[in-house]
Amino acid sequence: MEKEHYFDFAATSPLDEEIAREALELSIEHWGNPSSIHNAGKDARTILEQARERAAKALGVKSSCLYFTSGGTESDHIPLLSILTRPQKGSVLVSSIEHPAIREMSKMLTSCGWQVIKVNSDKNGFISKEAVLEKLQDDTVFVALMAVNNETGAVQEIYKVADALNEIGKNKRKPFFHVDCVQAAGKITLDLNHKGIDSAAFSAHKICGPRGIGLLYLSKEITPFLRGGGQEKNIRSGTENVFGAWALSRCLEKYYISDSNPEMKDRYNKQIEYTDELMEKLSHLKNCTIIPKIRLDKKACQEQNLSFSPWILQASFRGIPGQVMERALSEKGFYISTGSACSQGHHERPVLDNMDLTKDEKESAVRFSFGVSTSRQAMEELYQAVESVCRDFSQI
């Protein structure tokens, strides 16, 4: 029942046991170092490259554009830190809704002489193309905007931003455009071949894969800041994780949403129904506010071209601090979170700061996040548990 009542998929997802066993058996059988030139190494290299090919086919890109990393954080860091190899310093644009992997690392660039410019979201948690262009400087060399926000589920207009940066690139050097796709892979459709997307980060454990393995997409090779043994074409040095690479490739095949994977498309559409049902029920609780509020207004979202991932829903419950709601539900066997697992222990909520929220709404905000194993019945039971907590606190 723990997995049945697990609603923190944005933090991590339960491991696909079948895929994990398959990957483990392969890594035991092909135990050599993929960089070794003897037969044991060549065997391991074969499995590694097969994994790359399978991942590329699932993502719809060339295998030469994919690099295995240790996870989403490193896949974010490699492109960002590559600018440190440039002889001249400039400015970097980072959206206010980025994961700490980008947000916190970009702060470190200031100590190296770079100007980091924050692009604020609107009151609904969206970064518009216009907001990016307004902050763009003549010396801007890097722009970071995630595809799906990990707290609100807001789907960002990455393709419009890519188009706008391409237009700028007609007259001068185009800023490098990086997209964090960690909460997008297996959750919404993606087009990595869209011109102007220079790099994208992925993480296996968000799509039922193991921890400690990620993927970096690069439309063209870059000069890495960190150096070592030269693995992954010098982009990411370190002995390759054959087990993780195979598991990640198989998870992409199974869970990535695309025309070639109709089962996941159907599952995506079902999740829209499930989440809409939950959101509607929660909205009728007297102390509940859906974040952002506009998410309840389908017509307004359509008119403003606002889209949300059905796998993430944020809401606040007046009078119940977020951590209290999290603990109260945990006592009942339901697992949620107050935001990014990488920010637990910190009370700041930078993603919510620019949104149209009161102090109480920010402090009482919690995140429900779902996955392929989430059932409609489980979501109904989640609502009943939340209603019970709200009822208990209303009696105090």
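Trainee: Is F370 buried or exposed?
Mentor: Buried. This is a predicted model, and in it F370 has a relative accessible area of 0%. The cut-off for buried is under 20%.

Trainee: Which ring pairs with F370?
Mentor: F7. The ring centres are 6.1 Å apart and the planes sit at 80°, so this pair is edge-to-face. F7 is buried too, at 0% relative accessibility.

Trainee: Where do F7 and F370 sit in the chain?
Mentor: In distant parts, 363 residues apart. F7 is in the segment before helix 1 (17-29). F370 is in the loop between strand 12 (365-369) and helix 13 (376-394).

Trainee: Which residues form the aromatic cluster?
Mentor: F7, F334 and F370.

Trainee: How many aromatic pairs in the whole structure?
Mentor: The search finds 6. One of them is F126 with F308, edge-to-face because the planes are at 75°, with centres 5.3 Å apart.

Trainee: What does the pair of F126 and F308 tie together?
Mentor: Parts 182 residues apart in sequence. F126 lies in the loop between strand 3 (115-119) and helix 5 (129-135), F308 in strand 10 (residues 307-308). F126 counts as buried at 8% relative accessibility, and F308 counts as buried at 12%.

Trainee: Switching to helices. At what angle do helix 2 and helix 7 pack?
Mentor: About 25°, with axes 8 Å apart. That makes helix 2 roughly parallel to helix 7. The crossing is left-handed.

Trainee: Which residues meet there?
Mentor: Helix 2 brings residues including I47, L48 and R54. Helix 7 brings W246, L252 and E253, among others. The contact divides into 11 nonpolar, 2 polar and 3 charged residues.

Key:
Residues numbered from 1 in each chain as written. Predicted model: local features only at pLDDT ≥ 70, side-chain atom pairs only at ≥ 80, totals over all residues. Heavy atoms only, no water. Axes fitted to C-alpha atoms, helices over the stretch in contact; angles between N-to-C directions. Helix = DSSP H or I, 4+ residues; strand = E, 2+ residues; numbered from the N terminus. Parallel < 35°, antiparallel > 145°, perpendicular 65-115°, else oblique. Left-handed = near helix turned anticlockwise from the far one by under 90°. Contact = heavy atoms within 4.5 Å. Nonpolar A, V, L, I, M, F, W, Y, C, P; charged D, E, K, R; others polar. Phe/Tyr/Trp six-rings, centres within 6.5 Å; stacked < 30°, edge-to-face > 60°. Buried < 20%, exposed > 50% of the residue type's maximum accessible area, 1.4 Å probe, protein only.
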